[in-house]
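Welcome! Try each task before reading its solution.

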Amino acid sequence: QVQLVDSGGGEVQNGGSLRLSCVASRSIFDIKSIGWYRQPPDHGRELVAAIRKDDSTYYPDAVKGRFSISRDTAKNTVSLQMDSLKPEDTAIYFCYASGWPTDGDIYWGQGVQVTVSS
């Protein structure tokens with residue numbers, strides 16, 4: 001079992017920045033993939049950033065160049081730096097961790113609201 005606690009959401013203006021953090025209840029060193037999904041109003045959940053066990057990262061085109069994910073294994077923390085935010089980035093952002101102890105396991109944070117005003 002892994003408990004995840006998200007923090008750092010809020011409201012910013014178009015072009016602003018926010019930094020999200022996710023603290024895990026156990027070591028994230030051997031967790032296969034950890035990162036962030038988001039769910040805009042009236043839409044499904046979409047992956048916005050992931051970092052794997054080998055420190056490789058993934059970003060969809062919609063956020064590439066604006067979002068940056070990092071992890072601190074000493075603090076069991078994953079962070080998402082979001083720059084040049086746009087109104088379409090408005091969503092609830094959920095931290096996730098998957099692939100531990102088996103490939104099928106996935107855990108979620110409680111979610112934080114990010115609102116970007118125009």
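The model you see is predicted, and by the sulfur distance rule it holds one disulfide.

**Exercise 1. The disulfide**

Find which cysteines form the disulfide, and work out its handedness.

Solution, step by step:

- Start with what to look for: a disulfide is a covalent bond between the sulfur atoms of two cysteines.
- Now check the distance. The sulfur atoms of C22 and C95 are 2.1 Å apart, and the cut-off is 2.5 Å, so C22 and C95 form a disulfide.
- Next, turn to the torsion. About the S-S bond of C22 and C95 it is about -75 degrees, so this disulfide is left-handed.
- Then place the two ends. C22 sits in strand β3 (residues 18–24) and C95 in strand β9, so the link joins distant parts of the chain, 73 residues apart.

**Exercise 2. Buried or exposed?**

Decide whether C22 and C95 are buried or exposed.

Solution, step by step:

- Recall the cut-off: buried means under 20% relative accessible area.
- C22 has 1% relative accessibility, so C22 counts as buried.
- C95 has a relative accessible area of 0%, so C95 is buried too.

**Exercise 3. A cluster of rings**

The structure holds three aromatic pairs. Follow the ring pairs that link Y37, Y96 and W108 into a cluster.

Solution, step by step:

- Begin with Y37 and Y96. Their rings are 5.2 Å apart, centre to centre, with 80 degrees between the planes, and the pair is edge-to-face.
- Look at where these two residues lie: Y37 is in strand β4 (residues 33–39) and Y96 in strand β9 (residues 91–98), 59 residues apart, and the pair links distant parts of the chain.
- Move on to Y96 and W108. This pair is tilted, at 6.2 Å centre to centre and 50 degrees between the planes.
- W108 belongs to strand β10 (residues 106–108) and Y96 to strand β9, so the pair ties together parts that are 12 residues apart in sequence.
- Finish with accessibility. Y96 is buried at 4%, whereas Y37 is partly exposed at 22% and W108 is partly exposed at 34%.

Notes: Residues numbered from 1 in each chain as written. Predicted model: local features only at pLDDT ≥ 70, side-chain atom pairs only at ≥ 80, totals over all residues. Heavy atoms only, no water. Phe/Tyr/Trp six-rings, centres within 6.5 Å; stacked < 30°, edge-to-face > 60°. Helix = DSSP H or I, 4+ residues; strand = E, 2+ residues; numbered from the N terminus. Buried < 20%, exposed > 50% of the residue type's maximum accessible area, 1.4 Å probe, protein only.
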